[in-house]
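Thank you all for coming.

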Amino acid sequence: MERTRRLRTSAALRSMVREEHVRVDELIYPIFVMEGNNICSPVDSMPGINQYSIDCLSEELDRVKEVGIKAVLVFGIPEHKDEVGSGAYDDHGIVQEAIRYIKANYPELLVIADVCLCEYTSHGHCGLICNGEILNDETLPLLAKAAVSYAKAGADIVAPSDMMDKRVAAIREALDENGFINLPIMAYSAKFASGYYGPFRDAAHSAPGFGDRKTYQMDPANGQEALREVEEDIAEGADLIIAKPAMAYMDVIKEISLNYNIPIVAYNVSGEYAMVKAAAMQGWIDEKKIVMENMVGFKRAGAKMIITYHALDVARWIKEEE
């Protein structure tokens, strides 16, 4: 007679038959870099997360190195914003300078550069605007220009998060024309217009100045549409796919994994992080158990890598268990 509990009788046996494991080298840690000096500014809505000026960035990167994390995702906060987001593709912009600093001082780290305009535009949207409309095709050359600028600064991967149609193709063409044929694109393909992004917008100073992003980010109800987005980005040259947010969209991650043979990255976003942190600070949950259960859930759904603000803690907890 079959008894499935037989394989749960000891910690050693449970470990041996465990289907999914979270590894440190699968974690990607987001960092916020801002122009200025001597800045280590806490993000109130994301306990434990700070904004850093480049001269203080080593504090965080030393912690990243110590726990064995191999990749960081860089977001920039400029001093100057304008209608066309020029700071995104300024060769001496904050992200470009941060990339140079990281590659010079932490060459072992894989540096992923987020490609978008929202942190750099005065209106806070991810594309150019005309009469209140977010323009798609007119935005593509600027996104491509930013991606090439990040590549020239030393980025190992570019990650377009804007959700403009055809931006992967535009970026791939521009990278190839500039000699970066081997630079991968990690596309935010299944990115939903979610309420989970609020704390990130606090951290990146990127809230839209008017309206919302529902005309370009996906409707949270549309799982099948996400597969169309993924298929198109793969056809245009994406090498990795991001699904965002992760916790409320594990079904989408699973469907992508079942339909496409491509590495999937789950983005455990700021609101998800903030909820867990807030409940843990109140003593309502066991933070480690909840976070690790979420991480395993992302892997079980089909994610190969995980972008998470919990990465430093997760890496420490994994090492403690080794």
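How many salt bridges does the count come to? Before I answer, please note that this is a predicted model, in which local features need pLDDT of at least 70 and side-chain atom pairs count only at pLDDT 80 or more, while totals for chains, interfaces and linings use all residues. Residues are numbered from 1 along each chain as its sequence is written, and side-chain values use heavy atoms, with hydrogens and water left out.

The count comes to 17 salt bridges, where a salt bridge is a side-chain nitrogen of Lys or Arg within 4 Å of a carboxyl oxygen of Asp or Glu.

One of them joins Asp-313 and Lys-277, whose closest N and O atoms are 3.7 Å apart. Because Asp-313 lies in helix α11 and Lys-277 in helix α9 (residues 270–281), this pair ties together parts that are 36 residues apart in sequence; helices here are DSSP runs of H or I with at least four residues, numbered from the N terminus. Lys-277 counts as buried at 13% relative accessibility, whereas Asp-313, at 23%, counts as partly exposed, given that buried means under 20% relative accessible area, exposed over 50%, and partly exposed in between, with a 1.4 Å probe and protein chains only.

Another salt bridge links Lys-166 with Glu-236, at 4.0 Å between the closest N and O atoms. Lys-166 sits in the loop between β8 (157–160) and α5 (167–177) and Glu-236 in helix α7 (residues 223–236), so parts 70 residues apart in sequence are tied together.

Finally, Arg-23, Asp-25, Glu-26 and Lys-299 are linked in a network of salt bridges.

Notes. Helix = DSSP H or I, 4+ residues; strand = E, 2+ residues; numbered from the N terminus.
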